[in-house]
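Please read it alongside the coordinates.

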Amino acid sequence: MNHEVAVTGLGVVAPHGDEPGALFDALLQGRSAIQPVFPELPKPAAAATAAFDETRWFTKLQLAGVDRVSQLAVAAADLAMRDAGIQTGDAAPDVDPERIGVFGGCGMGGAAALEAAYRGNGRVSPLTIPAFMPNAPAAHVAMRLGVQGPVLTYSVACASSSVAIAEAAKAVQRGEVDIAIAGGSEALIVPGVVLAWQAMQTLATFQPGEAASAVRPFATDRSGFVLGEGAAFLVLESAERARRRGARSYATLAGWGLSSDATHLTKPDAPGQARALRTALRQAGLQPRDVGYCNAHGTATRIGDVVECNALAQVWGNDLDLLRVSSTKALHGHMLGAAGALEALITVLALHNRQLPPNAHCNEIDPACGLHLVTQGDTAAPALEAAISNSFAFGGTNSVLLFRRA
């Protein structure tokens, strides 16, 4: 059995809201959700936070021991299933709960629960452990939606939810599940985590009043990323099943590539990334020139952006200028474990709408980053047929998802 994998539902809770169309419009317009946070910290900090009303999904009693990372996951997964037109539970006897799976990515788990424990002056909630464990978001999604098939969590740093989507697609393709709820969640905007990332010197620096444009992927003056928070989930099912039930298909997930650099824990490696890119193309049966858009990993770090450009150049060769590229992290921040899912969702919408989000805040492109970047005034892509989303993680894991128009 080797099913074509369709994307039939999109759900998101992100710094630009919880409606995929509005999120995509905000990105097309180059609206940044990044703003200053934690003025009490010694160094200026910025982040992209999600305006989220948890009472839409939880009662006060239900919230006990449910970290924000799990709240966001439940909301995004629920929205994705609603968008796909799939009901679960007693009201949906045609959907076997044992044939549904949850494939979740989460890099660091419940940061708010840990922060509260550390700062609690000796008073630690007995629910701290189940609140911060990285598999809690997927477990809460399963409980909320009554999923009785595989419920799996992938914790692979910045590639977590991209890997989760790839693994979900394999399960659909092989007929192991009928429906896969695949994506990820991350909620790390707490002082302790921000301090840790500042200590690593990977976060963007900025002057007062300039936080919104602090992240400048591929620019000569780039200085790093800022953290974002949120959750995004895709509903995957076989294209045949989607057709049978008359479902809308946003795109097909035609290929995916996973590789390991096996060189360094934090320094990226172009040959390793190129292996993942080639694998995704090979699985989809496409040539590089067939792919018109890349939602880049693009963290705006000095080393990372150049390495990614070199990887793309190794694979695309003379066709590199045919590939239009942007990193949307400039506008929604780096959501770490949820980044791959949010950026996959954005890539699907780019294909579906044949419009490309611009690469914001890059006034002068680094000569070492010779890419065809999407600009604010040139977002139309009327002939777009295939697009990729890159996620390259600490630990050396590389994940590439390749989508085709439905």
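1. Asp 83 and Arg 248 form a salt bridge whose closest N and O atoms are 2.8 Å apart; the term denotes a side-chain nitrogen of Lys or Arg within 4 Å of a carboxyl oxygen of Asp or Glu. The pair links distant parts of the chain, 165 residues apart: Asp 83 lies in helix H2, and Arg 248 in the loop between helix H8 (239-244) and strand S9 (251-260). Helices (H or I, at least four residues) and strands (E, at least two) are DSSP runs, numbered from the N terminus. Asp 83 is partly exposed at 26% relative accessible area, as is Arg 248 at 41%. Here buried means under 20% relative accessible area, exposed over 50%, and partly exposed in between (1.4 Å probe, protein chains only).

2. This is a predicted model, in which local features need pLDDT of at least 70 and side-chain atom pairs count only at pLDDT 80 or more, while totals for chains, interfaces and linings use all residues. Residues are numbered from 1 along each chain as its sequence is written, and side-chain values use heavy atoms, with hydrogens and water left out.

3. In total, the structure holds 18 salt bridges. One of them joins Asp 78 to Arg 82, with 2.7 Å between the closest N and O atoms. These two residues are separated by about one helical turn, because they stand 4 residues apart in helix H2 (residues 68-84).

4. Glu 176 is partly exposed at 43% relative accessible area, and Arg 174 counts as partly exposed at 45%. Elsewhere, salt bridges that share partners join Arg 222, Asp 305 and Asp 366 into one network.

5. How many disulfides does a search of the whole structure find? The search returns 0, a disulfide being a pair of cysteine sulfur atoms within 2.5 Å. For Cys 106, the nearest cysteine sulfur is that of Cys 158, 12 Å away; Cys 106 is buried, at 1% relative accessibility. For Cys 309, the nearest cysteine sulfur belongs to Cys 369 and is 3.7 Å away, and Cys 309 is in no disulfide. Cys 309 is likewise buried, with a relative accessible area of 3%.

6. The buried residues of helix H7 (residues 191-199) are Pro 191, Val 193, Val 194, Trp 197 and Gln 198. They lie on the same side of H7, because they cover an arc of only 165° around the axis, taken from the directions from the helix axis to the C-beta atoms. These residues pack against strand S3 (45-48), helix H3 (111-118) and strand S7 (227-228), contact meaning heavy atoms within 4.5 Å. Just after H7, Gln 201 takes a positive phi of about 60°.

7. Helix H1 (residues 20-28) packs against helix H12 (residues 339-353) at an angle of about 85°, with the axes 11 Å apart. Axes are lines fitted to C-alpha atoms, for helices over the stretch in contact, and angles run from 0 to 180 degrees between N-to-C directions. H1 is therefore roughly perpendicular to H12, a class that spans 65 to 115 degrees (under 35 is roughly parallel, over 145 roughly antiparallel, and the rest oblique). H1 contributes Pro 20, Leu 23, Phe 24 and Leu 27 to the contact, and H12 contributes Leu 342, Leu 345, Ile 346, Leu 349, Ala 350 and Asn 353.
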